[in-house]
Amino acid sequence: MVGHTYSFFTLTVYVLGLGGINDQKGIMKKSIICLVVLLTAGTVTADEKLFKKIERKLDRDSLKGLAYIKKLKSKRSTEPDAYHFLSALYLDKFESETRLTKQYSALNRAASDAYRSAKYTTKHDYIKTHQKVLINQIAVQVESLRDTFLRYKDYDRSERLAKHYSRLTGKHLPTLDQIDSVRREKEKEARLLLQVACTVNGKYYGMPVGDEDIGPIDFKAEKEILRLINKARVQKGMEPLEWSFDLSRAARYHAHDMATQRYFDHNTYDRIDGKLVKIGGTFARIRKFYNLRFVNSENIAAGSKLAKDTYHQWYTSKGHYANMFNKKSKYVGLGVAYNPQSPYKYYWVFCTSK
């Protein structure tokens with residue numbers, strides 16, 4: 001600073017010597033401006049020298065360089081350079097650690113020192129670019145590690161990391177409730193997408209729209225079951241069931257879906273990534289094909305090739321028997337499907353309406 005003071009004094013005398021008495025006030029004002037510029041330039045140069053000095057010490061001997069930085073931090077607690085280099089060193093340590101607790105400790109220190117470095121930086125333009133890059137790197141790691149602790153339900157550490165992220169970036173990470181809300185919305189959206197009907201390699205996905213028309217693979221067998229059911233109904237003093245084309249389309253669809261998607265259930269499922277996902281309920285599916293009257297029952301069976309064997313399965317089951325011999329039922333649909341790659345190969349469906 002002595003050199004700059006002398007330069008200003010010499011400059012002032014020289015300038016004053018060139019003008020008259022009337023110009024001295026203007027000249028003095030210009031000289032003061034020159035002084036401010038010179039002093040500012042000197043300060044920036046000194047700060048940059050410190051930054052370069054720390055870099056050289058770390059390059060020559062990292063341990064001695066670290067000791068120097070810590071000493072500098074202790075003596076000059078508002079010096080941004082010391083915090084900046086400490087932050088970078090702790091980030092390196094974080095990336096070299098394999099244990100989660102040690103990673104957390106190192107990243108916690110890196111984030112704290114990065115925040116202090118930015119806090120104490122005012123006119124240190126030379127360091128701001130370095131800080132921006134480092135803070136972005138730390139913020140990415142903080143967000144990732146925070147998500148890890150959330151998955152492990154370690155809410156204390158995850159909350160602390162979220163605060164670091166907020167201080168470094170000025171942005172807020174979503175809370176656990178917000179994350180759960182987003183997850184629920186995504187699951188809801190996925191379920192809605194599953195409602196869109198489509199066909200892939202002969203398999204139906206989503207709820208049917210009602211215009212799917214799977215032709216009978218064994219119309220004779222379907223009629224044979226109806227004959228056996230109606231014969232027994234008449235013997236019991238009941239009205240025979242009337243064949244319904246649309247109820248049969250509903251029955252054939254479900255039989256085909258169970259055979260190709262490889263499941264056995266009254267509800268409708270799709271097999272996605274090897275797992276069964278429920279798509280819709282029994283009567284909601286049937287009503288896609290048939291909405292003229294009230295649908296009141298469905299029987300399903302699997303494993304038997306012959307109509308008489310399937311009829312016997314239903315006849316000897318209390319619930320299925322009740323559906324076949326419901327006095328209120330008037331219309332019926334029947335369907336059978338076959339898939340040699342499915343668990344039961346043969347799948348049968350019976351549904352009725354009033």
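1. Lys53 has a relative accessible area of 35% and is therefore partly exposed; buried stands for under 20% relative accessible area, exposed for over 50%, and partly exposed for what lies in between, with a 1.4 Å probe and protein chains only. The residue Lys53 belongs to helix 2 (residues 24-60). Helices (H or I, at least four residues) and strands (E, at least two) are DSSP runs, numbered from the N terminus.

2. On the basis of the model: it is predicted, so local features need pLDDT of at least 70 and side-chain atom pairs count only at pLDDT 80 or more, while totals for chains, interfaces and linings use all residues. Residues are numbered from 1 along each chain as its sequence is written, and side-chain values use heavy atoms, with hydrogens and water left out.

3. Overall composition. The protein has 13 helices and 8 strands. It has 354 residues, of which 40% count as buried. Its accessible surface is about 21000 Å², and carbon and sulfur atoms hold 54% of that; areas come from the Shrake-Rupley method with a 1.4 Å probe, and for residues only the protein chains shown count as cover. Taking contacts between residues at least 6 apart in sequence, 62% join residues at least 24 apart, where contact means heavy atoms within 4.5 Å.

4. Helix 12. In helix 12 (residues 307-315) the buried residues are Ala307, Thr310, Tyr311 and Trp314. Viewed down the helix axis, these buried residues fall within an arc of 100°, so they line one face of helix 12; the arc is taken from the directions from the helix axis to the C-beta atoms. The cover over them includes helix 9 (219-235), strand 6 (295-302), helix 13 (318-324), strand 7 (331-338) and strand 8 (346-353).

5. Ala301, in strand 6, is buried, with a relative accessible area of 2%. Apart from residues up to four places away in sequence, Ala301 touches Phe264, Thr310, Gln313, Trp314, Tyr346, Tyr347 and Trp348. Thr310 and Trp314 are also among the buried residues of helix 12. Ala301 and Gln313 are 12 residues apart along the chain, and their C-alpha atoms are separated by 7.5 Å.

6. Glu222 sits in helix 9 and counts as buried, at 0% relative accessibility. Setting aside neighbours within four places in sequence, Glu222 is in contact with Pro216, Trp243, Arg252, Leu334, Gly335 and Val336. Val336 is also one of the residues lining the largest pocket.

7. The largest pocket. It holds about 160 Å³ of space. A pocket here is found on a 1 Å grid over the protein atoms alone, as an open set of points with protein on both sides within 12 Å along at least five of seven lines; lining residues have an atom within 4 Å of a point. The lining consists of Ile217, Asp218, Lys220, Ala221, Glu224, Lys305, Leu306, Ala307, Lys308, Val336, Tyr346 and Trp348. Helix 9, helix 12 and strand 8 are the elements giving two or more residues to this lining, and helix 9 has the largest share, 3 residues. By class, the lining has 7 nonpolar, no polar and 5 charged residues; Ala, Val, Leu, Ile, Met, Phe, Trp, Tyr, Cys and Pro count as nonpolar, Asp, Glu, Lys and Arg as charged, and the others, Gly among them, as polar.

8. Tyr115 is in helix 5 (residues 100-119) and, at 26% relative accessibility, is partly exposed. Neighbours within four places in sequence aside, Tyr115 is in contact with Arg167 and Leu168. From Tyr115 to Thr169 the C-alpha distance is 9.6 Å, for 54 residues of separation in sequence.

9. Backbone angles. Most residues other than glycine have a negative phi. Arg262, not a glycine, has a positive phi of about 60°. Arg262 is in the loop between helix 10 (245-261) and strand 4 (268-272), and is partly exposed at a relative accessible area of 35%. Asp273, likewise not a glycine, has a positive phi of about 55°. Asp273 is placed in the loop between strand 4 and strand 5 (275-280) and is exposed, with a relative accessible area of 77%.

Key
1 Å grid on protein atoms, 1.4 Å probe; cavity = no way out; pocket = protein on both sides within 12 Å on 5 of 7 lines; lining within 4 Å. Points joined across faces, edges and corners; volume = space filled by probe spheres on them.
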